[in-house]
Amino acid sequence: MFQVIRISIVGLGTDEESLTRAIVSRAEVDRKKVKEEYKARYRKTVASDVNGDTSGYYNGILLTLVGPE
């Protein structure tokens, strides 16, 4: 799942549909594991990448679902 998050963010523009689906579907199931694996692989946090690629209410919603780092 961390790969879907990364692919959704990296490159030109954001694939908002994939990013939303990935974060929402894993928000309660294995959020901690996804965040740990993401940081280990990409040396960045999910939250920092979400912050760098989204804004406004959408950003706030995703960060709420991602939870604290």
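## A tour of helix 5 and its partner

Helix 2 and helix 5 cross in a left-handed manner. The model on screen is predicted.

**Stop 1: the crossing.** Select residues 16–26 for helix 2 and residues 56–66 for helix 5. Their axes lie 9 Å apart, at an angle of about 30 degrees. Angles under 35 degrees count as roughly parallel, so helix 2 and helix 5 are roughly parallel to each other.

**Stop 2: the contact.** Show side chains. On helix 2, pick Glu-16, Leu-19, Thr-20, Ile-23 and Val-24. On helix 5, pick Tyr-58, Leu-62, Leu-65 and Val-66. These residues make the contact between helix 2 and helix 5. How do they divide into nonpolar, polar and charged? Seven are nonpolar, one is polar and one is charged.

**Stop 3: the buried side.** Stay on helix 5. Which of its residues are buried? Select Asn-59, Leu-62 and Val-66. They span an arc of only 70 degrees around the axis, which means they sit on the same side of helix 5. Leu-62 and Val-66 were also part of the contact with helix 2.

**Stop 4: the cover.** Now bring in helix 3 (31–42) and helix 4 (46–53). Together with helix 2, they are among the elements that cover the buried residues of helix 5.

**Stop 5: the end.** Step just past helix 5 and select Gly-67. Its phi is positive, about 85 degrees.

Technical notes
Residues are numbered from 1 along each chain as its sequence is written. This is a predicted model: local features need pLDDT of at least 70, side-chain atom pairs count only at pLDDT 80 or more; totals for chains, interfaces and linings use all residues. Side-chain values use heavy atoms; hydrogens and water are left out. Buried means under 20% relative accessible area, exposed over 50%, partly exposed in between (1.4 Å probe, protein chains only). Helices (H or I, at least four residues) and strands (E, at least two) are DSSP runs, numbered from the N terminus. The arc is that of the directions from the helix axis to the C-beta atoms. Contact means heavy atoms within 4.5 Å. Axes are lines fitted to C-alpha atoms, for helices over the stretch in contact, and angles run from 0 to 180 degrees between N-to-C directions. Angles under 35 degrees count as roughly parallel, over 145 as roughly antiparallel, 65 to 115 as roughly perpendicular and the rest as oblique. A crossing is left-handed if the near helix is turned anticlockwise from the far one by less than a right angle, and right-handed if clockwise. Ala, Val, Leu, Ile, Met, Phe, Trp, Tyr, Cys and Pro count as nonpolar, Asp, Glu, Lys and Arg as charged, and the others, Gly among them, as polar.
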